[in-house]
Amino acid sequence: GAYLDYNATAPPDPAVRGEVAECLAEGWGNPSSVHGWGRRARSRLETARERVAALAGCSPREVSFTGGATEANNAVLKGFAWQDGGARTLLVGATEHPSVRETARYLAGRGFPVAEVAVDGEGRVTPAALREALEAHGPVGLVSVMWANNETGVLQPVAELAAVCAEYGIPLHTDAVQAAGKMPVDFAGSGAAAMSLSAHKIGGPQGVGALIRDARRLPVDPFLHGGGHERERRAGTENVAGILGFGVAAGLARERLEAAGAHARGLRDRLEDGLRGAGVGVEVVGDAAERLPNTSCLLLPDVEAETLLMNLDLSGFAVSSGSACASGSLEPSPVLLAMGIPSNRARGSLRVSTGWATTAGEVEAFLETLVPQVRRLQDRAVHSA
Ligand code: PMP
């Protein structure tokens, strides 16, 4: 078997595990304390902030640590809405992660003006579509469009979208959770005013993330009130060990960025070519768009993805159908529906995502297991039709 679900969560690197354990043993002080224990914890926290900033291409001052990217996305969207008092519209992409889309839906239910910008058939928010939405829903106060989609790996033209936003004087927030560590992400160069990251997608611990924000371009109300932690942006004693693990993972991700990209691209091409050669009618979602090197979203005709997923699990292979957050329900993925894929096709979607520990042998073994299982399900569907 093999773990091929890195977009759901990545296994922590051994160096991360070691340093988190060391921190829990020796670095457990409160960073706000003035004594030695506190100062040592503070120093670990600030080292992690520098490492995350280096991976993200921002200044350490722009990084506030959060309890994951779901919190970072909630914080920037709700913080904007509360600050703005509903004067201007919040515009979000049609294929955003639920932590953006559901937050937008909640705000709309509370009376805040919210709108969505559509994607094209490859899942991209084009600059023209953004311009059209800005004209239709103005005045817009914040745009949120992700860097890379978690289900399809499709990249958004973030810098071009930021340039359109800049013409209107509107800040852009981007959820870069899936892009970070898999491809170069440069906050300063992108033109975005805010960006969300998650530690566990890059080999750090779960429940740790960051909201990166240029406070001059995007003022928002704090999400958590209390002590003055994180420069008044996010109250609560910091998760020092988790944040330290985030920093170690960010440092490793930065060192390995180029090699990891090439490695993942090789595995992905082998997987997709192998499946295309197998004659099972596979369609690769977002094939014509720029994509993350590690992600394949595969549509398999006459296959119920949930059944395939369970069969693969019995054989020891971990993959996803649609998004992990939506599985368990038989609803087709909203991301694929927003791309115009019909729901019967969307029900046969399988997401395979690789990472630093994935080997070529694992991909071969996966193909050898997957192809006969797909054929069996397709035969059964044909015979029962
Ligand atoms: N955004 C994207 C694109 C994601 O893939 C995820 C994780 N599924 C999140 C946000 C939420 O991150 P976290 O698990 O850290 O809350």
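## Position of Ala94

Ala94 is located in the loop that links β3 (89–93) to α4 (98–109); helices (H or I, at least four residues) and strands (E, at least two) are DSSP runs, numbered from the N terminus. The model is a predicted one, in which local features need pLDDT of at least 70 and side-chain atom pairs count only at pLDDT 80 or more, while totals for chains, interfaces and linings use all residues. Residues are numbered from 1 along each chain as its sequence is written.

Ala94 is partly exposed, because 18 other C-beta atoms lie within 10 Å. On this scale a residue with 20 or more such atoms within 10 Å of its own C-beta is buried, one with 12 or fewer is exposed, and partly exposed residues fall in between, with C-beta atoms placed from the backbone. Apart from neighbours within four places in sequence, Ala94 is in contact with Glu116, Val117, Ala118, Val119 and Ala338, a contact being a pair of residues whose C-beta atoms, placed from the backbone, lie within 7 Å. Val63 is 31 residues from Ala94 along the chain, and 27 Å separates their C-alpha atoms.

## The seven-stranded sheet

An open sheet of 7 strands with mixed pairing has the order β2-β8-β7-β6-β5-β3-β4. Its edge strands, β2 (63–66) and β4 (114–117), each pair on one side only, where pairing requires at least two DSSP bridges between two strands. From one strand to the next the twist averages 20 degrees; axes are lines fitted to C-alpha atoms, for helices over the stretch in contact, and angles run from 0 to 180 degrees between N-to-C directions.

Strand β2 runs antiparallel to β8 (residues 209–213), and 4 bridges join the two. Among the residues of these strands, Ser64 has Leu211 in β8 as its bridge partner.

## Surroundings of the ligand

The residues around the ligand are Gly68, Ala69, Thr70, His97, Ser99, Met146, Asn150, Asp175, Val177, Gln178, Ser198 and Gly209, each with its C-beta atom, placed from the backbone, within 6 Å of the molecule. This shell divides into 3 nonpolar, 8 polar and 1 charged; Ala, Val, Leu, Ile, Met, Phe, Trp, Tyr, Cys and Pro count as nonpolar, Asp, Glu, Lys and Arg as charged, and the others, Gly among them, as polar.

## The chain as a whole

The chain contains 13 helices and 12 strands. Of its 385 residues, 51% count as buried. Among contacts with a separation of 6 or more, 74% come from residues 24 or more positions apart.

The C-alpha trace spans about 70 × 55 × 35 Å along its principal axes. The radius of gyration of the chain is 21 Å, which agrees with the value near 21 Å for a compact globule with 385 residues; the radius is taken over C-alpha atoms, and the globule rule is 2.2 Å times the number of residues to the power 0.38.

Terms used: Contact = placed C-beta atoms within 7 Å.
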